[in-house]
Amino acid sequence: EDKRRNSGNRCAAIEIQENATGVWQQIVPAEENIVYEYSAFIAFEDVDPVKSKCRLQLEFLDNENILIKQVNFPYHVQTRRFELDFPHILKARSPKNTKKIKAVFSLQGPGKAWFDDVFLAPAPTGGISGCVTSGGKRISNVRVFFCNDQWGKICEAYTDATGKYTITGMPVTFPRYIVMAQKKGWKTKVIGDLQINADEYTNVDFEMEEGKDPKDNFRIKFGSLTSVKFGKLTVISETNAI
């Protein structure tokens, strides 16, 4: 199999013979407080699980090329053919005073790595809007917000005198969002599995009830998948079988 390219005729490649670090980088103009998407196809060979790390990185720079923030995405080891990096669309928000982004491919320690079909651009965004009511009555000054700060930014809005609100600039992403409506004297309302579409407003209305939230905290549980290699199974004799 040819690991030297994923498409086209060429790609960026790094080969390290000893305990050193090799990088390929490119600087592009950028703006502050924007969520950027970053992806690439990566192949690597003989990347030592102990001594080596192969990964994508982003560096946010000011106008004088001074580093403001560095984001190190998950690293890879051993050998793999060309595949879209996982998670396949990486996102990061540019901090204040960002004027440039440095896209970095790095290989630390011995091995070989190939990077191809690189993509870096602002993430597409959409928004939500709607109305908060209770029994047909519109409620003002309700805080509507996205659960967890989205890439380091609080995303919220308060309903006006007519109970309406609008939140803009939300990146299209997966997994989907959880949105909450909250006001003192009212039970918090939660809506999950919310999809944001590019250049559109998703309508999200809340129906609230007067009262207090339970004293226990709101919890979100999640899981992830991983591969597990099992050794040789022990054979159990019929006489010992349960």
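Which residue lies over the face of F145? In this predicted model, R143 takes that place, at 3.8 Å from the ring centre. A charge counts as sitting over a ring if NZ of Lys or CZ of Arg is within 6 Å of the ring centre and within 35 degrees of the ring normal.

Residues are numbered from 1 along each chain as its sequence is written. Because the model is predicted, local features need pLDDT of at least 70 and side-chain atom pairs count only at pLDDT 80 or more, while totals for chains, interfaces and linings use all residues; side-chain values use heavy atoms, with hydrogens and water left out.

Aromatic rings were examined next. Rings of Phe, Tyr and Trp (its six-membered ring) pair if their centres lie within 6.5 Å; planes under 30 degrees apart count as stacked, over 60 as edge-to-face and the rest as tilted. The count comes to five aromatic pairs. W24 and F105 are stacked, because their ring centres are 4.8 Å apart and their planes stand at 15 degrees. This pair links distant parts of the chain, 81 residues apart. W24 belongs to strand β2 (residues 21-29) and F105 to strand β8 (residues 100-108). Strands (E, at least two residues) are DSSP runs, numbered from the N terminus.

Accessibility was then assigned. Buried means under 20% relative accessible area, exposed over 50%, and partly exposed in between (1.4 Å probe, protein chains only). W24 is partly exposed, at 35% relative accessibility. F105 is buried, at 2%.

F146 and Y177 form an edge-to-face pair. Their centres are 5.0 Å apart, with 75 degrees between the planes. F146 lies in strand β12 (residues 143-146) and Y177 in strand β15 (residues 177-182), so the pair ties together parts 31 residues apart in sequence. F146 is buried, with a relative accessible area of 3%. Y177 is buried too, at 4%.

Strands β2 and β8 also belong to an open sheet of four strands. The order is β2-β8-β4-β5, and the pairing is antiparallel. Two strands pair if DSSP finds at least two bridges between them. β2 and β5 (67-72) stand at the edges with a single partner strand each, so one side of each lacks a neighbour in the sheet. Strand β4 (residues 53-61) pairs with β5 over five bridges, in the antiparallel sense. K69 in β5 is the bridge partner of F60.
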